[in-house]
Amino acid sequence: MKFADRTKFLKSSEIREMLKYSQMPDMISFSGGYPNPHAFPSREIVRIVEKIIDKNKFVLQYGPTEGIKELREALKKRMQKKGIKTDIDNIKITTGSQQGLFLLGEILINPGDNIVVESPTYLGALNAFSIFQPNYISIPIDENGMKIDVLEEKLKKEKIKFVYTIPTFQNPSGTTLSLDRRKYLLELAEKYDFFIIEDDPYSELRYSGENIKSIKSLDKNNLVIYLSTFSKILCPGFRLGWIIADEEIGKKFEIAKQNADLCSPNFTQYIAEEYINSGIIDKQIKLIRKMYKRKRDIMLNALNKYFPKNSKWTKPDGGMFIWVEFHEKVDVKKLLEYAIKEKVIFISGAPFYATNPKYNTIRLNFTNTEDNLIEEGIKRLSQALKKIKEGD
Ligand SMILES: Cc1ncc(COP(=O)(O)O)c(C=O)c1O
């Protein structure tokens, strides 16, 4: 056998597989978690590059593994505004949050360790963690996020390493963990001695409702490892994210990162720093929120108009996704075949479950489709649904 044994845990993401369909002509794609390209501040990026490229000899150079100091300073201030007090030494820049998740898996998971995930959860996290062979414990979610009382029952019986959560506008479901549950989760982390990995790519993308404090901002005992990213508030092409962790974890993380890629690109880090410090970031986020709110509303209205009454879907206050649960007899695999013929695609829900998948679920992305095609896409999907004779 040519390959290492652990490669049997390497899985290709279904989202990547769907890419080939999304590039077909006239296809309406609700599949990837792509930001809208109109939300990228392209002109501003050009101006920033012109400003910094000749002036700063480090822009095109290798950089420190933990990330350039200027960007970590800027993030420290920004995080402080969100109630997260941290020192710049506790902030490490990553090559996207995805790298953060992978490296946390590398430094924290032993084969067989119990780790808790939401059910469903972010597929990319499952793929990043699985190579380290954890034992997944899945906790169901409802409209207020992870059911912490169910978690507590598990904790009475099993020792766990960490809880991985996307508490705000979760990928894939769009749901948000309530403040009470955030506090309850922190209490449990203290009582049962585990970490919380708070993955927060979406909290800046709120379209309705009140802000809810991050778990990290409520954490007094350094139990939370916080991750965020520039992917949805600047652009994913920069491949920039960051983690905030205590000194011990930060040090190990930094060595693991050094071995993985030496450093994240200085080039995009200096641009991101200027993007924050010039204040462009806040204007841009305002614009993105407005654009995505409109798209969310169009999709929710279309779902109301076209989808069968025996299906249900989430009504997210932010983020990029709506999660649909059809009547249990709907076979989503079949639905996808029909949908592709109707020229619309989505992501089936089953791969987002670490255990016990629900095969009658799908994830819809609403950010990357032109306004005038969102309703048409949902209409096509409802036609595909009719064709598979729901209830058969
Ligand atoms: C919950 C979650 N975590 C992490 C990521 C990875 O993001 P990045 O582009 O920063 O690697 C994503 C991307 O969609 C995500 O939805």
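This is a predicted model: local features need pLDDT of at least 70, side-chain atom pairs count only at pLDDT 80 or more; totals for chains, interfaces and linings use all residues.
**Reading helix packing and aromatic pairs**

Trainee: What describes two packed helices in general?

Mentor: The angle between the axes and the distance between the axes describe the packing.

Trainee: Which residues of α4 and α5 make the contact?

Mentor: From α4 come Gln98, Leu101, Phe102 and Gly105. From α5 come Gly124, Ala125, Ala128 and Phe129. By class, this contact holds 5 nonpolar and 3 polar residues, with no charged residues.

Trainee: Now α11 and α13. How do their axes cross?

Mentor: Helix α11 covers residues 280-306, and helix α13 covers residues 371-387. Their axes come within 9 Å and cross at roughly 30°.

Trainee: Are α11 and α13 roughly parallel or roughly antiparallel?

Mentor: Angles under 35 degrees count as roughly parallel. Therefore α11 and α13 are roughly parallel to each other. Their crossing is right-handed.

Trainee: Which residues of α11 and α13 make the contact?

Mentor: On α11, they are Arg294, Lys295, Ile298, Met299, Ala302, Leu303, Lys305 and Tyr306. On α13, they are Asp371, Ile374, Glu375, Ile378, Lys379 and Ser382. The contact of α11 with α13 has 7 nonpolar, 1 polar and 6 charged residues.

Trainee: On to rings. How many aromatic pairs does a search of the whole structure find?

Mentor: The search finds 10 aromatic pairs. Take Tyr207 and Phe366, which form an edge-to-face pair. Their centres are 6.4 Å apart, with 75° between the planes.

Trainee: Which parts does the pair of Tyr207 and Phe366 tie together?

Mentor: Tyr207 lies in the loop between β7 (195-199) and α8 (215-218). Phe366 lies in the loop between β14 (361-365) and α13. So the pair ties together parts that are 159 residues apart in sequence.

Trainee: Is Tyr207 buried or exposed?

Mentor: Buried means under 20% relative accessible area. Tyr207 has 9% relative accessibility, so Tyr207 counts as buried. Phe366 is buried too, at 0%.

Trainee: What is the pair of Phe230 and Trp242 like?

Mentor: The ring centres of Phe230 and Trp242 are 5.1 Å apart and the planes are at 55°, so the pair is tilted. Phe230 lies in the loop between β8 (224-229) and β9 (241-244), and Trp242 lies in strand β9. The pair therefore ties together parts 12 residues apart in sequence. Both Phe230 and Trp242 are buried.

Trainee: Which residues form one aromatic cluster?

Mentor: Phe129, Phe162 and Tyr164 do.

Definitions and conventions: Residues are numbered from 1 along each chain as its sequence is written. Side-chain values use heavy atoms; hydrogens and water are left out. Axes are lines fitted to C-alpha atoms, for helices over the stretch in contact, and angles run from 0 to 180 degrees between N-to-C directions. Helices (H or I, at least four residues) and strands (E, at least two) are DSSP runs, numbered from the N terminus. Angles under 35 degrees count as roughly parallel, over 145 as roughly antiparallel, 65 to 115 as roughly perpendicular and the rest as oblique. A crossing is left-handed if the near helix is turned anticlockwise from the far one by less than a right angle, and right-handed if clockwise. Contact means heavy atoms within 4.5 Å. Ala, Val, Leu, Ile, Met, Phe, Trp, Tyr, Cys and Pro count as nonpolar, Asp, Glu, Lys and Arg as charged, and the others, Gly among them, as polar. Rings of Phe, Tyr and Trp (its six-membered ring) pair if their centres lie within 6.5 Å; planes under 30 degrees apart count as stacked, over 60 as edge-to-face and the rest as tilted. Buried means under 20% relative accessible area, exposed over 50%, partly exposed in between (1.4 Å probe, protein chains only).
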